[in-house]
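Please look at the sequence and the model together, and then follow the description below.

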Amino acid sequence: MDPACNISGRLRLPCFELLVSHFINPRWLLTRVWSYNSVLLSVDMNFHQSAQSILQNDYPWTKTPFIASAPMARVAKPPLAVAVSRAGGLGFIAAGYTSENLEEVLDEAAELIAEEPIPGASSAAQGLPVGVGFICWSASLASAIPALKKHRPCAVWLFAPPNDYNDLVPWVTQIREATSHHTKIWVQVSTVADALDVIKTLQPDTLVLQGSDAGGHGLASGASIVSLVPEVHDKLREKQVSTARPIPLVAAGGISDGRAVAASINLGAQGCVMGTRFLASPESQIAAGYQKEVLRASDGGLNTVRTDVYDKIRDIHGWPNRYNGRALINRSYIEAMDGLGEEENRTLYMEEMEEGGVGYGPKGRQCTYAGTGVGLIREVMSAGDIVRSVMREANQLLVKGGSKARL
Ligand SMILES: Cc1cc2nc3c(=O)[nH]c(=O)nc-3n(C[C@H](O)[C@H](O)[C@H](O)COP(=O)(O)O)c2cc1C
C-alpha cells in the first residue's frame, strides 16, 4: 500500500470532531485547516513524485514532463518512435491489428538506434528504448512473443481486449516472463471502472487514461481527461488501492501542446501521450493528403466525430461493441447519416481508392483519424522538435503557475 494513502486516511477527521474538541476557535480552526491541507498536499506530492520517478527510473533517457507518442496503427513506425525517444520522450511503435512482422519492425528500430545511440538508453542489455502497442482483440500474442523476447522493448501498450481485461492476463504474464520483466506493461483504459478493474486484474506498470477527445479508436462513450484523470487519481487514493509500487497515470486524448500537458499534470497525471499531434511530423507514415487535412482542420469538437462508419466502409470488422473511432467528418460519414447504405458507401469508398486514394477532406472519402486537438496543429515539425517544444512550453507554465505537481 502506498504509505501516503495511509497517512491521508488517518488524517481525515470529521469536521464536527474538530469543532467540538476545540470550542470553535476560528483562528485555531483556520491554522488547522491550512496545515491539514498542506499535509494532504505534501502527501499527494509524495505520491506524484514517486509515480513520476518510477517513469524516470523505467525510462532513464526521458525528460520531464514525461511525453510519449501513441502507437498509431499503420502510422507509428520505427522512425517516429525512435525520434520521439531520442528527443527525451518515449516513442511507441504500433503493431496495431497484427503482430506478424513485428520482428522485422523491431530489427529496424534496433538498427536506427545502433546508427545513432540514444544517451542513457543505448546498451544492448537495456533492450530497446521504444515501446510497442497492440490492439489486443486482433493481434496475436503467440506471434509477438519471439520478437519481444529478442528485442525486449521497454514497454508494451495493450488496448481493447476482445471481451474483458481477463483476456489480457496471458499477455501480461507471458510478456513479463519472455522479457524477464524488462518490458513494462502499459494498459489503455477510458473509464474509472476499467482503471480499477485493470489495476486489480493485471497490475500494470503504467495506466494510460484515454479521454473521449482522443483520435483513433477508443470507448464509444467516455469522459474527457479533464474529469477522467482526477477521478481515477482520487479513486485510487480513496480506495487505498494496494499495489507493489505507485502506478503512474498517463493522460491521452486531445493533448496537442504544452498547455494541455501542464493541465494534465495538474489534474493528477504523471505524463502525457500525444497521437494526433505527431501526425504532423515527417516521421509519421501518413499520406500527404491526410497530413494536409490535419493542418487544415479546425474546431475539432465540431469537425471530428466518434463513429464506426469508417470501420464499416473499410471492411474492418471485429472491434468489440464498446469501441469506435474519432476521425474528421468526410463525405462517407455525411452520406451515411443521410441514409446511404453500408454496401453502397463501401463501393464508393473502394472506387475512390482505385483512383489513387486522393480524396481527403470533407468532400472526399479517405478516412482521417484525428482527435479534437487537431485545430491546434498548424505546422509540420520534426517529431523531436514537437517533443522539445511541448516540454518547454509545459515546463514554463508549470513553473510560472507554481504548480505543486511541478516535476
Ligand atoms: C491515427 C491513429 C491511430 C491510432 N491507432 C491506435 C492503435 O493502434 N492502438 C492504440 O492503442 N491506440 C491507437 N490510437 C489512439 C492513441 O493511442 C491515443 O489514445 C490517441 O492518439 C490520443 O489522442 P490524440 O490523438 O488526441 O492525441 C490511434 C490514434 C490515431 C490518431
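Two strands are said to pair if DSSP finds at least two bridges between them. Helices (H or I, at least four residues) and strands (E, at least two) are DSSP runs, numbered from the N terminus. Residues are numbered from 1 along each chain as its sequence is written. The model is predicted: local features need pLDDT of at least 70, side-chain atom pairs count only at pLDDT 80 or more, and totals for chains, interfaces and linings use all residues.

The protein has 17 helices and eleven strands. Its average pLDDT, the predictor's confidence in each residue from 0 to 100, is 88, and 85% of the residues score at least 70. In residues 1-41 the pLDDT is below 50, and this stretch has 23 contacts in the model beyond near neighbours in sequence. Two residues are in contact if their C-beta atoms, placed from the backbone, lie within 7 Å. Among contacts between residues at least 6 apart in sequence, 71% join residues at least 24 apart.

A residue is buried if 20 or more other C-beta atoms lie within 10 Å of its own, exposed if 12 or fewer, and partly exposed in between, with C-beta atoms placed from the backbone. By this criterion, 45% of the 407 residues count as buried.

**Strand E9 and its partners**

Strand E9 covers residues 271-274; Gly271 and Val273 point one way from the strand, Cys272 and Met274 the other way, and all are buried. In a regular strand the side chains alternate between the two faces of the sheet. E9 pairs in the parallel sense with strand E1 (residues 66-69) over four bridges, and Phe66 stands opposite Gly271. E9 also pairs in the parallel sense with strand E8 (residues 249-252), over three bridges, where Ala251 stands opposite Cys272. From E8 the chain passes through helix H10 (residues 258-267) to E9 in a right-handed β-α-β crossover. A crossover is right-handed if, with the strands pointing away from the viewer, the path from the first strand over the helix to the second runs clockwise.

Helix H10 is largely enclosed by the rest of the structure, because eight of its ten residues are buried. Among the elements that cover its buried residues are E1, E8, E9, helix H9 (225-238) and H17. After H10 comes Gly268, with a positive phi near 120°.

**Strand E4 and its partners**

Strand E4 (residues 153-159) is mostly covered, with seven of its seven residues buried. Six bridges join E4 to strand E3 (residues 128-135) in a parallel arrangement, and Ile135 has Phe159 as its bridge partner in E4. The chain crosses from E3 to E4 through helix H6 (residues 141-151), and this β-α-β crossover is right-handed. Four bridges join E4 to strand E5 (residues 184-189), also running parallel, with Trp157 opposite Trp186 in E5. E4, helix H7 (residues 169-178) and E5 make a right-handed β-α-β unit.

**The nonpolar core**

A nonpolar core is a set of buried Ala, Val, Leu, Ile, Met, Phe, Trp, Tyr and Cys residues joined through C-beta atoms within 7 Å. The largest such core has 108 residues, and those with the most contacts inside it are Leu158, Leu209 and Val250. Helix H17 (residues 383-400) gives the most to this core, with seven residues. At least three residues come from each of domain 1 (47-283 + 380-400) and domain 2 (298-369); these bounds come from an automatic or database domain assignment. Leaving aside neighbours within four places in sequence, Leu158 is in contact with Phe134, Cys136, Leu168, Trp171, Ile185, Trp186 and Val187.

**Local backbone features**

| Residue | Phi |
|---|---|
| Arg74 | near 70° |
| Arg152 | near 45° |

Arg74 lies in the loop between E1 and helix H4 (78-86) and counts as exposed because 11 C-beta neighbours lie inside 10 Å. Arg152 is in the loop between H6 and E4 and counts as partly exposed, with 19 C-beta neighbours inside 10 Å. The peptide bond from Thr64 to Pro65 is cis, with omega near -10°, and Pro65 is found in the loop between helix H3 (26-58) and E1.
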